[in-house]
Amino acid sequence: MIFSIDVEDWSQSVLKRSNPVSDRVYANTMHVLDILSANQSKATFFTLANVAEKFPALIHRMVKEGHEVASHGVNHHNIDAMTKAQIHQDIEHSVKTLEDISGKKVIGFRAPNFSINEDVFEPFCEALAAQELRYDSSLFSIPVHKYKITKKYSLDTFKKFGLDEHYLTHINVAGQDFPFFGGGYFRLFPYAMTKYFHHQYDKNAVFYMHPYEVDTGELAEIKKLYQDIPTKWLITQFVRRGAVPSKLGRLLTDFEFSSFENTYYSEASSLRPQKYIEKSGASCTINESLVYTI
Ligand SMILES: [Zn+2]
């Protein structure tokens, strides 16, 4: 299974994009790295360029400890709200920033707020391919209305650009599909529920979380700093953060996790996508087994 973390600062990336990146993202990401290290697990860190620029030591530690550094954009602006030129600019700047700091090639991307749809697939894939990325992990294979994912999209556009799409994992309960493996679902529900559905997670399952989900001190601080916090976020975004570190420990004990890079793109990986030649003669990669549903 894949363990993925979207590295962003709550007050900047969720509350208001114009807020400064706070020091909390540094301590929180270090805390997540500590938990992974204690459990000898590797992960993919989809990191914002604004966090990497402010705290390069985070990137250095990720690389040193064998994790994958991937891109989550520059400032957490939604891809589907950008022009074609802005999409190119955002992805190029974020990838170059992460590569400069990490000294390693970036091969993966996750869109802020899972904000891609068919209208932007073409420029989005062009921008990923221009930076020689290998994969994206911004979609669920089910409709998720809160992320404006209205249907299961065709991945033909991704394939055309030689990109793999790694869907985030969902579960099916009484005929209804839910994105359950990570984020607020993992935080709000008892760990026993995450474990209960284990038969619905396969080896391709993708777990996701954010560093701020281990931060129990943030609510008091942001209430002092900002007065305009929507009530729905006070209810949903801060509840049960204190339980997350121990739940992560149990998750990492019960299941085997690694990064996208180790799992699919390293020389040693048995799941490495097969090379094939398109009719046009252009060489690209594809792995049909990555396109799965649970
Ligand atoms: Zn994000």
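1. Let me start with Val32. Setting aside neighbours within four places in sequence, Val32 is in contact with Ile5, Pro211 and Val214, where contact means that two C-beta atoms, placed from the backbone, lie within 7 Å. Val32 lies in helix 2 (residues 24-38); helices here are DSSP runs of H or I with at least four residues, strands are runs of E with at least two, and both are numbered from the N terminus. Val32 counts as buried because it has 23 C-beta neighbours inside 10 Å. The cut-offs are these: buried takes 20 or more other C-beta atoms within 10 Å of the residue's own, exposed takes 12 or fewer, and partly exposed is in between. For a sense of distance, His77 is 45 residues from Val32 along the chain, and their C-alpha atoms are separated by 24 Å.

2. A word on what we're looking at. This is a predicted model, in which local features need pLDDT of at least 70 and side-chain atom pairs count only at pLDDT 80 or more, while totals for chains, interfaces and linings use all residues. Residues are numbered from 1 along each chain as its sequence is written. The pLDDT is the predictor's confidence in each residue, from 0 to 100. Its mean for the protein is 88, and 91% of the residues reach 70 or more. Do keep an eye on residues 274-294: pLDDT stays under 50 there, and the model has 26 contacts beyond four places in sequence for that stretch.

3. Now the overall build. The protein has 13 helices and 11 strands. Its radius of gyration is 18 Å, close to the 19 Å that the globule rule gives for 294 residues, so the protein is as compact as a globular protein of that length. That radius is taken over C-alpha atoms, and the rule is 2.2 Å times the number of residues to the power 0.38. Along the principal axes, the C-alpha atoms fill a box of roughly 60 × 40 × 40 Å. Buried residues make up 42% of the 294. Of the contacts with a separation of 6 or more, 77% are between residues 24 or more positions apart.

4. On to the strands. Strand 1 (residues 2-7) pairs with strand 2 in the parallel sense over four bridges, and strand 2 (residues 44-47) pairs with strand 3 in the parallel sense, also over four bridges. Strand 1 and strand 9 run parallel too, joined by four bridges. Pairing here needs at least two DSSP bridges between the strands.

5. Which way do the side chains go? In a regular strand they alternate between the two faces of the sheet. In strand 2, Thr44 and Phe46 point one way and Phe45 and Thr47 the other, and all are buried. Strand 3 (residues 68-71) is covered on both faces, with Glu68 and Ala70 buried on one side and Val69 and Ser71 buried on the other. In strand 9 (residues 206-209), Val206 and Tyr208 point one way, Phe207 and Met209 the other, and all are buried.

6. Phe207 deserves a click. Leaving aside neighbours within four places in sequence, Phe207 is in contact with Met1, Ile2, Phe3, Ser4, Phe181, Gly182 and Phe257. Phe207 is also one of the residues that touch the most other members of the largest nonpolar core, along with Phe45, Val51, Leu98, Phe124 and Leu128; that core has 67 residues. Helix 6 (residues 118-130) gives the most to this core, with six residues. A nonpolar core is a set of buried Ala, Val, Leu, Ile, Met, Phe, Trp, Tyr and Cys residues joined through C-beta atoms within 7 Å.

7. What does helix 6 pack against? Its buried residues are Val120, Phe121, Phe124, Cys125, Ala127 and Leu128, and they pack against helix 5 (84-102), strand 4 (108-109), strand 5 and helix 7 (156-160).

8. Most residues other than glycine have a negative phi. Glu132, in the loop between helix 6 and strand 5 (135-136), has a positive phi of about 60°. Glu132 is exposed, with 11 other C-beta atoms within 10 Å. Ala174, in the loop between strand 7 (171-173) and strand 8 (176-178), has a positive phi near 50°. Ala174 counts as exposed, with 4 C-beta neighbours inside 10 Å.
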